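This briefing goes through one protein chain for a reader working with its coordinates. It moves from the overall fold to the cores, and then to individual elements.

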Amino acid sequence: MSYLVIGGTGFIGSRLVRILVEDGHDVTVLSPSGNTSKLGDVASRVRVEKGSVGELPDILHAIKRNSVRRMAYLAAESPPWTPMNVTKTMMIGFLNVLEASRIMDIERLVWASSYAQIGPPELYGGRKVDEDAPVRPMSPHGVSYVANEFAANFYAENYGLDVLGMRLGLVFGHGRNRSGFMDVLVDLFEGAASGRPVRVPDGDSVWVLQYVKESANAMAFGFNVKNHSRRVYNTCDEAVSLRQLAEYVREFIPSARIEVEPGGRTIRAPVDANRIREELGYREAYSVRDGVRDYLRELGVKMPEGQ
């Protein structure tokens, strides 16, 4: 099967590309830079098309040139998330992907949605929220996912497009770049692994975290689903404070010098991801703790005996 992965040279997309290549598929990535450094040893087995999601002809060309039958969309705009930047990259870009999928009769489009559209806990009375809960994004970044879920549903209902949105958590793991948003998810691990002192602000804030390999697994799972009655699914629901995350790091690096500062506001409600488990049979491979251990191993940390 021939796949086009938009965002396939990025943090999560490169992990998805690895899964698809190792499963024996033909994979093309669309990238504005063409930088394949995150693809590592599978880069030589991947076709690279330089282009932008902001340009519909670039997407159509990549599909035609490589006889693509399935597409994954993981492109995202880095902070600062201004309305202009988000609209151009994440909304118009996604509309171009939907339109290209319609024109070229793509068999299935699996795309990365996000919990960034979910409001604060007080909006839901402290309850875990599922896919049917009302949304209240707090940034243009979050607004884009609301718009994109609407657009995907429109294309499915009006054009018969097989499109499946996978809502990902706040993703951590090796390869995440510092961007000005939640850089503690890089500094905590890289600092502890290198023996540097680490300060963790807002230690009591709680986030629904997801390890990058789990995010990629969820996206790949979306292609293996034979029938789906809904067009978007939550993919994870493990809520962890930054304090607890730091404790996981200390468990594997007992000598880590980590200072966790108290306080911090939890800006997104907890999530319920039982629907994807019950309806589609999805099973997570990595808990947050498992992801911490695997991430530290990728950074070269020698695990304590028994770990």
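A residue is called buried when its relative accessible area is under 20%. In this predicted model, the buried residues of helix H9 (residues 288-298) are Val288, Gly291, Val292, Arg293, Asp294, Tyr295 and Leu296. Buried residues make up 52% of the 307 residues in the chain.

**Overall fold**
- The chain contains nine helices and twelve strands.
- Its radius of gyration is 19 Å, close to the 19 Å from the globule rule for 307 residues, so the chain is as compact as a globular protein of that length.
- Along the principal axes, the C-alpha atoms occupy a box of roughly 55 × 45 × 40 Å.
- Of the contacts with a separation of 6 or more, 76% join residues 24 or more positions apart.

**Surface and charge**
- The chain has an accessible surface of about 13,500 Å², and carbon and sulfur atoms contribute 47% of that area.
- There are 37 positive and 38 negative charges, and their mean positions lie 2 Å apart.

**Nonpolar cores**
- The largest nonpolar core comprises 64 residues, and Leu188, Leu245 and Val292 have the most contacts inside it.
- Helix H6 (residues 212-224) supplies the largest share of this core, with seven residues.
- A second, separate core of 29 residues includes Val53, Ile63, Tyr73 and Trp111.

- Val292, one of the buried residues of H9, touches Phe172, Phe189, Leu245, Tyr248, Val249 and Phe252, when residues up to four places away in sequence are not counted.
- Just after H9, Gly300 adopts a positive phi of about 90°.

**The loop around Val129**
- Val129 is located in the loop between strand S5 (108-114) and helix H4 (140-159).
- Is Val129 buried or exposed? Val129 has a relative accessible area of 4%, and it is therefore buried, as this value is under the 20% limit.
- Apart from its neighbours within four places in sequence, Val129 contacts Ile118, Tyr124, Asn234, Ala269, Pro270, Val271 and Asp272.
- Val129 and Gly119 are ten residues apart along the chain, and their C-alpha atoms are separated by 9.8 Å.

Terms used. Residues are numbered from 1 along each chain as its sequence is written. This is a predicted model: local features need pLDDT of at least 70, side-chain atom pairs count only at pLDDT 80 or more; totals for chains, interfaces and linings use all residues. Side-chain values use heavy atoms; hydrogens and water are left out. Helices (H or I, at least four residues) and strands (E, at least two) are DSSP runs, numbered from the N terminus. The radius of gyration is taken over C-alpha atoms; the globule rule is 2.2 Å times the number of residues to the power 0.38. Buried means under 20% relative accessible area, exposed over 50%, partly exposed in between (1.4 Å probe, protein chains only). Contact means heavy atoms within 4.5 Å. Accessible areas come from the Shrake-Rupley method with a 1.4 Å probe; for residues, only the protein chains shown count as cover. Lys and Arg count as positive and Asp and Glu as negative; His and the chain ends are not counted. The place of a charge is taken as NZ of Lys, CZ of Arg, CG of Asp or CD of Glu. A nonpolar core is a set of buried Ala, Val, Leu, Ile, Met, Phe, Trp, Tyr and Cys residues joined through side-chain atoms within 4.5 Å.
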